Amino acid sequence: MPFSLPDLPFDTSNLMPFCSAETFQYHHGKHHAAYVTKLNDAINGTPLAELSLEEVILRSHAEGNKAVFNNAAQHFNHSFFWNCLAAAKEKQTNAADAPTTGPGPQISTLLDRDFGGLDQFKAAFNQAATTLFGSGWAWLAQNGSGKLEILQLKDADTPLIQGKKPLLTLDVWEHAYYIDFRNRRPDYINTFWDFINWDFVEKQLS
Ligand SMILES: [Fe+2]
């Protein structure tokens with residue numbers, strides 16, 4: 001069964017000023033779609049085609065199969081990123097809309113324990129996202145002993161290959177923000193905090 005491009009879990013007109021519908025049209029409709037197409041083309045007719053996405057990521061990474069790994073990891077990273085996002089609060093018009101009210105009880109406790117609070121976590125995450133040289137992702141992940149960590153990962157790298165559980169991510173490839181922010185990556189990062197689906201983040205812990 002080939003992998004497929006997931007639908008976006010929100011109305012793309014409701015995430016301004018973080019991301020315009022035009023950005024989603026390219027970022028989801030062109031970039032993410034291309035990763036899925038290239039992944040399917042690369043694994044078609046091979047034993048990898050029988051595996052789950054996580055298994056393809058781990059196997060291709062272990063085997064140094066960059067062509068498969070990059071596209072599989074980017075498919076995972078982008079799918080995860082979309083789930084981390086929610087419409088602006090004032091645009092949420094029905095009960096199915098995801099909350100953006102702030103971190104839930106479990107994640108709040110862990111952010112307090114491991115970073116000293118939400119504000120300290122935000123500052124450290126912003127620093128990681130801002131200073132990542134070139135293309136990549138800033139992540140909040142949980143390590144094997146349960147501690148939260150901020151990861152600054154290049155290109156297609158993903159917490160899965162470190163055996164860590166992803167909780168939250170921000171794409172800082174230029175294709176994620178150039179239409180709306182041009183080269184102003186820090187402005188894009190600062191705006192992110194108003195569009196997080198904290199409900200999704202909380203669910204990753206259980
Ligand atoms: Fe991206």
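This is a predicted model: local features need pLDDT of at least 70, side-chain atom pairs count only at pLDDT 80 or more; totals for chains, interfaces and linings use all residues.

Where the two touch, domain 1 contributes 23 residues and domain 2 contributes 19 residues.

Which elements give two or more residues to the side of domain 1 that touches domain 2? They are α1 (21-43), α2 (53-62) and α3 (66-83). Of these, α3 gives the most, with 9 residues. Sorted by class, this side of domain 1 holds 12 nonpolar, 9 polar and 2 charged residues.

## The overall build

The chain has 8 helices and 3 strands. Starting at the N terminus, the order of elements is α-α-α-α-α-β-β-β-α-α-α. The radius of gyration of the chain is 17 Å, close to the 17 Å that the globule rule gives for 206 residues, so the chain is as compact as a globular protein of that length.

Along the principal axes, the C-alpha atoms fill a box of roughly 45 × 40 × 35 Å. Of the 206 residues in the chain, 34% are buried. Among the contacts with a separation of 6 or more, 66% are between residues 24 or more positions apart.

## The strands

Strand β1 (residues 136-142) and strand β3 run antiparallel and are joined by 6 bridges. One place to look for this pairing is Gln142, whose bridge partner in β3 is Lys165.

In soluble globular proteins, nonpolar side chains tend to be buried together. Here the largest nonpolar core has 50 residues, and those with the most contacts inside it are Ala72, Ala138 and Trp139. Helix α3 supplies the largest share of this core, 6 residues. Both domain 1 (19-86) and domain 2 (105-204) give residues to the core, so the core lies between them.

Setting aside neighbours within four places in sequence, Trp139 is in contact with Ile150, Leu151, Leu153, Pro159, Pro166, Leu168 and Thr169.

## Backbone details worth a look

Most residues other than glycine have a negative phi, and most peptide bonds are trans. A few spots in this chain are worth checking with that in mind. Met16 and Pro17 are joined by a cis peptide bond, with omega about 10°. Pro17 is found in the segment before α1.

Asp155 is not a glycine, yet its phi is positive, near 50°. You can find Asp155 in the loop between β2 (148-154) and β3. With 16 other C-beta atoms within 10 Å, Asp155 is partly exposed.

Arg182 also has a positive phi, of about 50°, although it is not a glycine. This residue lies in the loop between α6 (178-181) and α7 (185-192). Is Arg182 buried or exposed? There are 11 other C-beta atoms within 10 Å of Arg182, and the cut-off for an exposed residue is 12 or fewer, so Arg182 is exposed.

Conventions
Residues are numbered from 1 along each chain as its sequence is written. Two residues are in contact if their C-beta atoms, placed from the backbone, lie within 7 Å. Helices (H or I, at least four residues) and strands (E, at least two) are DSSP runs, numbered from the N terminus. Ala, Val, Leu, Ile, Met, Phe, Trp, Tyr, Cys and Pro count as nonpolar, Asp, Glu, Lys and Arg as charged, and the others, Gly among them, as polar. Two strands pair if DSSP finds at least two bridges between them. The radius of gyration is taken over C-alpha atoms; the globule rule is 2.2 Å times the number of residues to the power 0.38. A residue is buried if 20 or more other C-beta atoms lie within 10 Å of its own, exposed if 12 or fewer, and partly exposed in between; C-beta atoms are placed from the backbone. A nonpolar core is a set of buried Ala, Val, Leu, Ile, Met, Phe, Trp, Tyr and Cys residues joined through C-beta atoms within 7 Å. Domain bounds come from an automatic or database domain assignment.
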